[in-house]
Amino acid sequence: MKFNTKVIHGKQKHEPATGAVMVPIYQTSTYAQASPGKHKGYEYSRGENPTREALENAFAAIENAKYGLAFGSGLAAIDCVIRLFKPNDHIIAGDDLYGGTYRMFTKIFSKYGLTFTFVDMNNPENVSKAITKNTKMIWLETPTNPLLKVADIVAITKISKENKLISAVDNTFATPYIQNPLDLGADIVMHSATKYLGGHSDLVMGALMLNDDKLYEQLKFTQFAAGAITGPMDSFLAIRGVKTLAIRMERHSSNGMAVAQFLESHAKVSEVFYPGLQSHPNYEVAKKQMRSFGGMLSFKLKDNSQAAAFKLLENLKVFTLAESLGGVESLANHPSTMTHASIPEPERLKIGITESLIRLSVGIEDVEDLLADLENVLKMV
Ligand SMILES: *Cc1c(COP(=O)(O)O)cnc(C)c1O
């Protein structure tokens, strides 16, 4: 099955009782039993719910995975993965992670004795060098948020295998339309389904996809035992969202490229970060592992002041100034005061999240309207 078909039909069944084409919203916490322990495979909705099951199957299908798991948020999905480990275990992660992931690693799990090393994954050698006898996992995000750095998934997962580590890839920015980390050697794929998979800015959800039976058993156990599941209503919305993923991503990618090229040639802009531009430092790796380049990009202004960035952001008309990304509507964001404010300032500046850095989630509107909106605000700074 090819991708456009898979998002609609992959591992999906019509509802057996009525033939309903869309899975019903099984809005129930519990299920009747004929006698104690005698039931139809469903006991309690933290463990299993038919709507969530249908979603988990759809998630598995789009990442070419055997298994899918759905959680109450992207961070809940990451939390489930990190619970595989115990005190003194060591995890290597990229130095330009989603701010919430960085916060969870450094503020929550370091309290429980896990240790983390953050390295620039542009160069896979940095990962090799960071491995210690306690290293258990490599956590990879590519492209990264907000600087769109690209890491070589094949090279890094190869290092992971050679050292018998688990590799996990946060594939939120790319989506399975653009890259499939499991096919490139990763053990676990993670998504904030809040973003492109849901696609309509109407839910908060996380996903894990994987092939390994034993790893799945452990993660499924944690999902049940720690309980950070997603509910049936949100599951239904996400199934609906996933069905249009391919066609949305096609437009996100073409609009993203047009906006990136427009900004790159604009006199008020000093730098554009988009993996589809030849000026991107890892353009060759991006071209090798990504089918297109998506709708996320960041840029800096020649006037590198917070005031200039704020003026631009306050005057946008089609783009909405908001956190989050991946919905049909275009959003703009100021990482250093919004999504990435939880990273201490010296760290932030070191990795390049400066005062004028602006992140765009380019939506699927007519690109002429998006370019006109940007042209108008760039006149003001
Ligand atoms: C949003 C996001 C997350 C966290 O997901 P939530 O659904 O907000 O909990 C993790 N990684 C990336 C890349 C994200 O953009």
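**Domain contact, nonpolar cores and helix packing**

Contact between the two domains involves 42 residues of domain 1 and 42 residues of domain 2. The model is a predicted one. Its chain is divided into domain 1, spanning residues 3-243, and domain 2, spanning residues 246-378. Taken over C-alpha atoms, the centres of domain 1 and domain 2 are separated by 26 Å.

In soluble globular proteins, nonpolar side chains tend to be buried together. The largest nonpolar core of the model comprises 68 residues, of which F59, L263, L297, F299, L312 and L360 touch the most other members. Helix α9, residues 245-264, gives the most to this core, contributing 7 residues. At least three residues of the core are drawn from each of domain 1 (3-243) and domain 2 (246-378). The surroundings of L360 were examined individually. With residues up to four places away in sequence not counted, L360 touches V259, L263, G295, M296, L297, F299, F319, L331, A332 and L374. Another core, of 32 residues, lies apart from the largest one and has A76, V81, L114 and L215 among its members.

Two packed helices are described by the angle between their axes and the distance between the axes. For helix α2 (residues 50-62) and helix α8 (residues 232-242), the axes come within 8 Å and cross at roughly 30°. The crossing of α2 and α8 is left-handed. On the α2 side, the contact is formed by T51, R52, A54, L55, F59 and I62, which meet P232, S235, F236, A238, I239 and V242 of α8. By residue class, the contact of α2 with α8 divides into 9 nonpolar, 2 polar and 1 charged.

Because its relative accessible area is 1%, under the 20% cut-off, F71 is classed as buried. With residues up to four places away in sequence not counted, F71 touches A76, A77, C80, M205, G206, A207, L208, Q223, A228, I229 and T230. F71 and R348 are 277 residues apart in sequence, and their C-alpha atoms lie 29 Å apart in space.

Key
Residues numbered from 1 in each chain as written. Predicted model: local features only at pLDDT ≥ 70, side-chain atom pairs only at ≥ 80, totals over all residues. Heavy atoms only, no water. Axes fitted to C-alpha atoms, helices over the stretch in contact; angles between N-to-C directions. Helix = DSSP H or I, 4+ residues; strand = E, 2+ residues; numbered from the N terminus. Left-handed = near helix turned anticlockwise from the far one by under 90°. Contact = heavy atoms within 4.5 Å. Nonpolar A, V, L, I, M, F, W, Y, C, P; charged D, E, K, R; others polar. Core = buried A, V, L, I, M, F, W, Y, C linked by side-chain atoms within 4.5 Å. Buried < 20%, exposed > 50% of the residue type's maximum accessible area, 1.4 Å probe, protein only. Domains from an automatic or database assignment.
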